[in-house]
Amino acid sequence: MTPQILLAAEKQSAEVTDWAARIGWLVGLALFIALVYWLMREGWKWRGTLQSDLPELPAVPEDPGPAKLRMSGRYHGSTTAGQWLDRIVAHGLGTRSRVELTLTDAGLDVVRPGATDFFVPAAALREARLDKGIAGKVLTEGGLLIVTWEHGDKLIDSGFRSDTAAEHNDWVDTLNQMINKTEGAR
């Protein structure tokens, strides 16, 4: 046989793609991802059920008084005080969102577009500090304003980050002065 015929005999056509197997794998992967998301959602709802003993959040008083401080930024969530990974999801406290904070003599007004607003009365405020993390968010040291407050019989840490991080120190100082005055009056 001539060398040309041998070369022609060795050539084979390309393998045909098995579309049924590929589609089966893609459908299986999509179902697995959907299952993982459904389980995460059910876990979130279960955590809310476990925290159902948390009382309703206070409403803003009719006349809270003049604003001492205002801040625009992000609300990163609330946790059990001192346990930065124990997220509280009851009453919408676990929902991250934009935030407008206003501090008055009556307390801290937390306005969250697209999420549940809440109010922390001055008597419920316990501490303000700068920290680096809260459930689901870790930043550089001092990147988060953490406000500790009492709700029902539970101490809660709520994390905020200002659009202008330089504001954090003023907030910590003013909140802690306000807390010290309130504790002195008790």
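This passage walks through a few local features of a predicted model. Residues are numbered from 1 along each chain as its sequence is written, and side-chain values use heavy atoms, with hydrogens and water left out. Because the model is predicted, local features need pLDDT of at least 70 and side-chain atom pairs count only at pLDDT 80 or more, while totals for chains, interfaces and linings use all residues.

Helices (H or I, at least four residues) and strands (E, at least two) are DSSP runs, numbered from the N terminus.

Next up is strand E1, which covers residues 69-80 and includes Thr-80. Thr-80 counts as buried because its relative accessibility is 14% (buried is under 20% relative accessible area, exposed over 50%, partly exposed in between, with a 1.4 Å probe and protein chains only). Neighbours within four places in sequence aside, Thr-80 touches Asp-86, Ile-88, Lys-154, Leu-155 and Asp-157, a contact being heavy atoms within 4.5 Å. Leu-85 sits in the loop that links E1 to strand E2 (87-88). With a relative accessibility of 59%, Leu-85 counts as exposed. The C-alpha atoms of Leu-85 and Gly-133 are 9.0 Å apart in space, although 48 residues separate the two in sequence.

Further along, strands E4 (residues 107-111) and E5 (residues 118-121) pair in the antiparallel sense over 4 bridges; pairing here takes at least two DSSP bridges between two strands. Across this pair, Asp-109 stands opposite Phe-119 in E5. The hairpin of E4 and E5 has 6 residues between its strands, and Gly-114 takes a positive phi near 85° there.

Strand E9 (residues 144-151) contains His-151, which is buried, its relative accessible area being 6%. A polar atom of the His-151 side chain lies 2.7 Å from the backbone oxygen of Pro-55, and the backbone oxygen of Glu-56 is 3.3 Å from a polar atom of that side chain. Polar contacts are pairs of N or O atoms within 3.5 Å; within protein, one must be able to donate a hydrogen and the other to accept it, and residues adjacent in sequence count only if both atoms are side-chain atoms. Leaving out neighbours within four places in sequence, His-151 is in contact with Leu-54, Pro-55, Glu-56, Leu-57, Pro-58 and Ile-156.
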